[in-house]
Amino acid sequence: MIQRQTELDAIAQRYQRRATAGLGDRYSLLRPEVWQMLQERQRALLRELAVRPGAVADWRLTEVGCGAGGNLLEFLRLGLRPEHLQGVELLPERHAAAREFLPAALQLHLGDASAAAIEAQSQDLILQSTVFSSILSDSVQQAVAQAMWRWLKPGGAVLWYDFIVDNPRNADVRGVPLARVRALFPEAESIRWQRLTLAPPLARWVCRLHPQAYSWFNSIPWLRTHVLAVIEKKTSSV
């Protein structure tokens, strides 16, 4: 427990360093590389969701590391009901921003995701987007993954988006390769995955030359640094 809290405190400190690093508008949706990354991920995720069974309005989804609520807003616009959505956020300032931004019927949890009060086998989908790459402790990664799997209904799926390679310029994160994803979810019935997202430092550089250059470079698979994975839970799971 002490080791887990130490890592959670360290994660908060790492995010605080990023917030004060003077990155300016690096993640603004008005930047050509940012909106192209976002739209590429959205298209890939929508293709996966389009083949899932059941009515969208009936799906129940929890996001781990929901930040200020941008991804949850996308699911509201897709047609999920606010009372069927939940978010978990470690950082109080981001949790507060999400609470102000999102409908009151959408439940938000503050703190350690592995201890969030979410009912077992109650969720159709669990989303995580670039959260695990910010967790440098193997044991904390494992605890969060186990909680996500516990919340998931039989036949449900974890929607996973994260990078698979280390960033030599950023010691606060580490890549999560597919072998690690498989180790985190050993009971998965299947893991479908695809590589997405031109390496962000390269994307920023090429889009300074011309926005269309993003597509040209992104057509080379080994320049893509992230994976979108759908991690399926067996229908017969207990």
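Analyst: We go from the whole chain to single residues. Keep in mind that this is a predicted model.

User: What does the secondary structure of the chain come to?

Analyst: The count is 8 helices and 7 strands.

User: How do I judge the radius of gyration of the chain?

Analyst: Compare it with the value for a compact globule. For 238 residues that value would be near 18 Å, and the chain has 17 Å, so the two agree. Along its principal axes, the C-alpha trace spans about 50 × 40 × 35 Å.

User: What share of the contacts in the chain joins residues 24 or more positions apart?

Analyst: Among contacts with a separation of 6 or more, such pairs account for 74%. As for burial, 48% of the 238 residues are buried.

User: How is the surface read, and what about charge?

Analyst: Take the area, then its share by atom type. The accessible surface comes to about 12,100 Å², and carbon and sulfur atoms hold 56% of that. On charge, the chain carries 28 positive and 23 negative side chains, with the centres of the two sets 5 Å apart.

User: Which residues of helix 7 are buried?

Analyst: Start with the general idea. An α-helix has 3.6 residues a turn, so residues three or four places apart point the same way. In helix 7, residues 200-209, the buried residues are A203, R204, V206 and C207. Their cover includes helix 2 (32-49), strand 6 (190-198) and helix 8.

User: Take a residue from helix 8. Is N218 buried or exposed?

Analyst: N218 is part of helix 8, which covers residues 213-218. Its relative accessibility is 9%, under the 20% cut-off, so N218 counts as buried.

User: What does N218 touch beyond its neighbours up to four places away in sequence?

Analyst: N218 touches E40, T197, L198 and R224. For L198 there is also a polar atom pair to look at: a polar atom of the N218 side chain lies 3.1 Å from the backbone nitrogen of L198. A199 is 19 residues from N218 in sequence, while their C-alpha atoms are 8.5 Å apart in space.

User: T197 is on that contact list. What is its phi?

Analyst: T197 has a positive phi of about 75°, although T197 is not a glycine. T197 sits in strand 6. With a relative accessible area of 1%, T197 is buried.

User: Where else is phi positive in a residue other than glycine?

Analyst: T130 is a case, with phi near 50°. T130 is found in the loop between strand 4 and helix 5 (138-151). Its relative accessible area is 28%, which makes T130 partly exposed.

User: And S129, in which element is S129 found?

Analyst: S129 belongs to strand 4, residues 123-129. S129 counts as buried because its relative accessibility is 12%. Leaving out residues up to four places away in sequence, S129 touches R41, N71 and Y161.

Technical notes
Residues are numbered from 1 along each chain as its sequence is written. This is a predicted model: local features need pLDDT of at least 70, side-chain atom pairs count only at pLDDT 80 or more; totals for chains, interfaces and linings use all residues. Side-chain values use heavy atoms; hydrogens and water are left out. Helices (H or I, at least four residues) and strands (E, at least two) are DSSP runs, numbered from the N terminus. Buried means under 20% relative accessible area, exposed over 50%, partly exposed in between (1.4 Å probe, protein chains only). Contact means heavy atoms within 4.5 Å. The radius of gyration is taken over C-alpha atoms; the globule rule is 2.2 Å times the number of residues to the power 0.38. Accessible areas come from the Shrake-Rupley method with a 1.4 Å probe; for residues, only the protein chains shown count as cover. Lys and Arg count as positive and Asp and Glu as negative; His and the chain ends are not counted. The place of a charge is taken as NZ of Lys, CZ of Arg, CG of Asp or CD of Glu. A polar contact is a pair of N or O atoms within 3.5 Å; within protein, one must be able to donate a hydrogen and the other to accept it, and residues adjacent in sequence count only if both atoms are side-chain atoms.
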